[in-house]
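Dear colleague,

I am handing over the structure below, and I would be glad if you could look through it alongside these notes.

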Amino acid sequence: MKKNEFLYFALRNTRMQIGLGIVLFFFAVMIIGPSLTDYDPNEYSGPAFARPSEDHWLGTTFFGQDVFTQIVYGLRATFIVGAVGGGLATLIGLIVGFIAGYKGGILDEILNMLTNIVTVIPTLALLIIIAAYLPYRGVVSQSIIIGCIAWPWTARAVRAQTFSLRSREFVDLARMSGMSSMKIIVQEIAPNMLSYLFMALILQFGGAILAAATLDFIGLGPTEGISLGLMMQNAVLWSAIPLGLWWWALPPGMIIAAIVSALYFMNTGLDEIFNPKLREM
Amino acid sequence: MAVSVKNLKIYYQTLRGQVQAVDNVSFDIKDHEILGMAGESGCGKSTFSNSLVLLKPPMKFMGGRVELDGESLPLADFRKMNEFRYKKISLIPQYAMNALNPTRKIGRMIAELLASRGVSFSKISRELDRRLKLVNLNRSVMKMYPFELSGGMRQRAVMVIATLLDPSLLLADEITSALDVSTQKAVAKMLVQFRDMDLVKSLVFVTHDISILYQIADRVLIMYAGKAVEIAPTKKITKEPLHPYTRLLISSLPDVGVKYSERRLAGIKGRPPGLLNPFPGCRFKERCPVRFEKCDKEPPLAEVSENHQVACWREVGNNG
Amino acid sequence: MVKLRNVTKVYRTGAFGGGKLKAVEDVSLSMEQGKVVSVIGESGSGKSTIGKMILRLISITEGEILVNDKDISKLKGKSLKEYYRTVQGVFQDPFSTYNPVFKADRVFDIIRAEYFSDMKAKKWREKVESSLQSVGMVPEQVLNKYPHQLSGGQLQRLLIARALLMDVDVLIADEIISMLDASTRVDVLNLLIDLKDRGLSILFITHDLSLGYYISDYVVILYRGSIAEMGYTDKVFYNPIHPYTRMLLTSVPRLDQKWEESEEELMETQEIAADSLEDRCKYYDRCHFAAESCGKPELKKVEEGHYTTCPRR
Amino acid sequence: MGRYFRRKLLIYLLTFFAAVSINWMIPRLMPGDPIRALIGRAALRAEAADKVAEYFSRIYGLDQPAWRQYVNFWTSLFKGDLGISIYLSPKPVTQVIRDSIPFDLGLLIPAILCSWIVGNKFGAFAARRKRLDGIVLPIWYVFTATPYMWLAILLAYVFGVLLGIFPIAGAYSFAISPSLSISFILNYLKHWFLPFLSLFIVQLGGWAIGMRNMIIYELEADYSRYMESLGAPRKLIRRYAFRNAMLPQITGLALQLGVIVAGAVGTQVVFSYPGIGYLLLQAVMYKDYFLIQGCFLFIVIGVLIANFVIDVIYVIVDPRVRHGMGGETA
């Protein structure tokens, strides 16, 4: 699957188009959003419980804060967590997977043991413990924590792929051409897995967003600033549901669900391109 | 006449168009005969055996007739063919070593398979024991899982399963290529025994290894790029081949006793043509040393001497 | 050139490395300048393991391998990299030997980057083109193509050309033609013969007796990791001593004679674990002449340039 | 086969050990002094605060060397004493958690098992026809992408507020005290249904997708192709493929447990359903470190036990592992 061929198929694949479209739409909302609203996310900018109107597109909260503004700024936290958290998790998974898969032997046993342990520990429980004790919690520190805990399944998959590629003869050929192990991993093995790594990044991106939303929701989110999870928590805490303030309670969660399912769509689109068996289905 | 194939055409539907894998092939198989089908990779021999058993996308039936014991096979109709599968036509596949469900005991799998085809296991089981001994497997295999047997044993189990309902046509697709020399000989001889004991009426043995065919086949059909180029008794094919491709192929095969210092063998230059939209005429003409202007028209498969058919203008011309 | 002395290779098996598999046991052989040595054995005989040990792709458990009288297991880093200027290998599956993501001639670029980085581009291109011509290929037809655009035969020749770029003395050819079509195989064999005449010494690993016979001066028959018989090809093929060799010769399908009736009944090679025949000849369980006296096999001379480990001879 | 279990047990013991160590280490690593934070809320005068802080650190043994504290931590753990909950003091932590476990399991186990069974059946069914697969697959992706708590909010709003069919808070209405009477059970089920449904739907998507991909893989395998060549009916081929595709789904269940437990936290918070998740939220709100640690340990222990049970089931169900073909299913 050469570079140009990949792009050719990728952009033709309907699932990929839908997924990418939705993600880019919300990304645009995040970028141009702040310029559309002149309120501040936490500013009491209008009457409380106001239904969506033309100066409060998504109505206001229990305290009269503008929901649309909160969402726009909240999106920023979501994308940061996805990028930093997802990126970090993929990176750690990559390194652990490559070393365990390529080196094998004792190193493989140890790393494999570590992977199994972190897999078995309920990730969110671990997040809760760590986040609970952090006096100051920023979006970035939250992302780093998520990144350090969400990597095992990527490591396991990368290890399996590296293991199968390592036994391929082109790796022996590279060793007979005087290439060092590190060079072989980077120049010979990694290029074969670009497609896989990109798909893993997409899944980690979505996973990080979900984990962060849950953390924020139970009150362990960033101590200042706004995020979609925090909005949901406030909505539930101030009983938006019984009061029927659906415009406050529903949109944050819906946006998260939309972005993450769009990412999954992109992933299936890519999977179809790289895995013809599924394509024929 | 057990099997008669007339102008069979099987193409593959691919994104870039139709691959003419088996193109206008005709031949007959007599009762009680082992027909060897030989040719290099991509010549269509495996496509032929698969098309008789499991013709489904991307493979497509384009034309021709195949008669088995006088009955014309509804190759185009997947469902109707089911009547013939296993009972009349059976296959020992190339992937025989992992053709059994790994998580099911072999005995139980056979019972369920037979039940699904309306045959009661109890009626067959004594015969099954007899045939297992024929291939050096004992009764206890029935209670074991496939992964507990060695590759060779799994293959022999599949051989017994495939022939359990005494099919009139048995297709064996490259079943000896992955075996060691000693096992190869034993398995080949077992097939001959199956034919001698009338467990199968006639047999098509598909392989790229002509020396194996010399040992067990009565007649050999040489395929090249989707066409049947020569059909003759085994001795004639190996000793007096007529088609240029067969001649070059046989002469390029080293045999124990042939040393480079005494006789330097030569391969065939070039590669078989792509079958996406092949050029007209004889498909070997690009690589053929005796090519002449007539080769631009497709040569018919003509009977040039008793029981010896060849598709080459050089041969057909002088006594055609 | 290359000497193997009592080389043994034991693999760790099982999740915690509990099990032991003796892939190669006490093998000694040597390769001379400009000679082809065939190593013939069925699957599980350890023939590829020997090839990989000489190529330093896997470690040696016991014994030593000397190339130009240097013990190769001691080579590290720089010296190991230099070693690959004298010994190179070509493997069985051409489509697995090329990294599918890159063009086929990248195998040359790696060589250039690692060994000839100071050579000017023009001079390097000439060196590549002459090497391609020496393996019977037209540079324009094969350069700048992806592996799936070339035939198996062309891909293998490219690898041989790559080895010639390093002007090696020893080439390990591990089943290099078993994946090729019958009609194109012989040309690659003839290429090896031309290179042999130019002084290259070749270890030709195969399971096919007729190929082994066609190309080699000296032949080593392996069975379950040990040498069954060894010697000049004609001597071994026309006067086989070891029952395993005789069984092979009667079983291989020939184009000119039918299978002889031999009472060799069917035996699965993997069934008997190698080490259960600890102090026995490895062929004991299948041999028709097996007797109590068949103890631990040692290489015995049968005639000039012909050895066997059959204890009864 | 013995080695397979030894490996498994080793991993779980190591995991438990790691979890407990993390649990012990984190409060001590974090900046700031938890005791001060506790006392701080009581707004004592300065020197009184020092006295109280010093008193607390002595009973909690914080003045002893680190390793001593670590040993104490383990000994008290085995004695089942996880300290006193601050939020619900003087109730001991273990007591608080023991009260919420029945509700927690009562919600989680049915949700996990039902979604697992239904999800796999749906996944297998959808793989039959391309048209069906094309419609249903995207829906499952949306399900599995939905944050647990959002679906909870949606269900609560639609069924609870708009339609008013189901209550949306607590495990049972305050008027009734827990007993085995029909009316209590009915009331319990009415409260139980929405949280169950939200957990059920989100997980359903995950299992269905997993099964759909696995069964396609199995239907392409050589043994399926060969049975088809022997004219075996679709039903038999699909039954074999389904059985083999279920095996990785069993391991998948073990791997997913950690994630599902986490999801339940969100759902319980929305419905203020008195499971361990809700308890954890309260503990976090009131900075009740001991309760947080207690909940964390119980969640980890629960997941480890479930993992081990699933591994045992896997060995029984998959003959390849039972014959010691190598237990690399961790």
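This is a predicted model: local features need pLDDT of at least 70, side-chain atom pairs count only at pLDDT 80 or more; totals for chains, interfaces and linings use all residues.

Over all chains, a search of the whole structure finds 39 salt bridges. One that crosses between chains joins B:Arg264 to C:Asp194, with the closest N and O atoms 3.4 Å apart; B:Arg264 sits in the loop between helix 9 (244–251) and strand 11 (302–305) of chain B, while C:Asp194 belongs to helix 8 (residues 182–197) of chain C. B:Arg264 is partly exposed at 42% relative accessible area, and C:Asp194 is likewise partly exposed, at 34%.

In chain D, the side chains of D:Asp318 and D:Arg320 meet in a salt bridge at 3.3 Å, N to O. D:Asp318 counts as buried because its relative accessible area, 3%, is under 20%, whereas D:Arg320 is partly exposed at 29%. In chain B, a network of salt bridges links B:Asp23, B:Lys227, B:Arg283 and B:Glu298.

Turning to the helices of chain D, the axes of helix 5 (residues 93–126) and helix 8 (residues 182–219) come within 6 Å and cross at roughly 35 degrees, and the crossing is right-handed. The contact between helix 5 and helix 8 of chain D has 21 nonpolar, six polar and one charged residues.

Finally, A:Leu24, A:Phe27, A:Ile31, A:Ile32, A:Leu36 and A:Trp57 make a nonpolar surface patch of about 620 Å², and of these A:Leu24 lies in helix 2 (residues 14–36) of chain A.

Notes:
Residues are numbered from 1 along each chain as its sequence is written. Chains are lettered from A and ligands numbered from 1 in the order in which they are written. Side-chain values use heavy atoms; hydrogens and water are left out. Axes are lines fitted to C-alpha atoms, for helices over the stretch in contact, and angles run from 0 to 180 degrees between N-to-C directions. Helices (H or I, at least four residues) and strands (E, at least two) are DSSP runs, numbered from the N terminus. A crossing is left-handed if the near helix is turned anticlockwise from the far one by less than a right angle, and right-handed if clockwise. Ala, Val, Leu, Ile, Met, Phe, Trp, Tyr, Cys and Pro count as nonpolar, Asp, Glu, Lys and Arg as charged, and the others, Gly among them, as polar. Patches are made of residues with over 30% relative accessible area and no salt bridge: like charges are joined within 9 Å, nonpolar side chains (Val, Leu, Ile, Met, Phe, Trp, Tyr) within 5 Å. Accessible areas come from the Shrake-Rupley method with a 1.4 Å probe; for residues, only the protein chains shown count as cover. A salt bridge is a side-chain nitrogen of Lys or Arg within 4 Å of a carboxyl oxygen of Asp or Glu. Buried means under 20% relative accessible area, exposed over 50%, partly exposed in between (1.4 Å probe, protein chains only).
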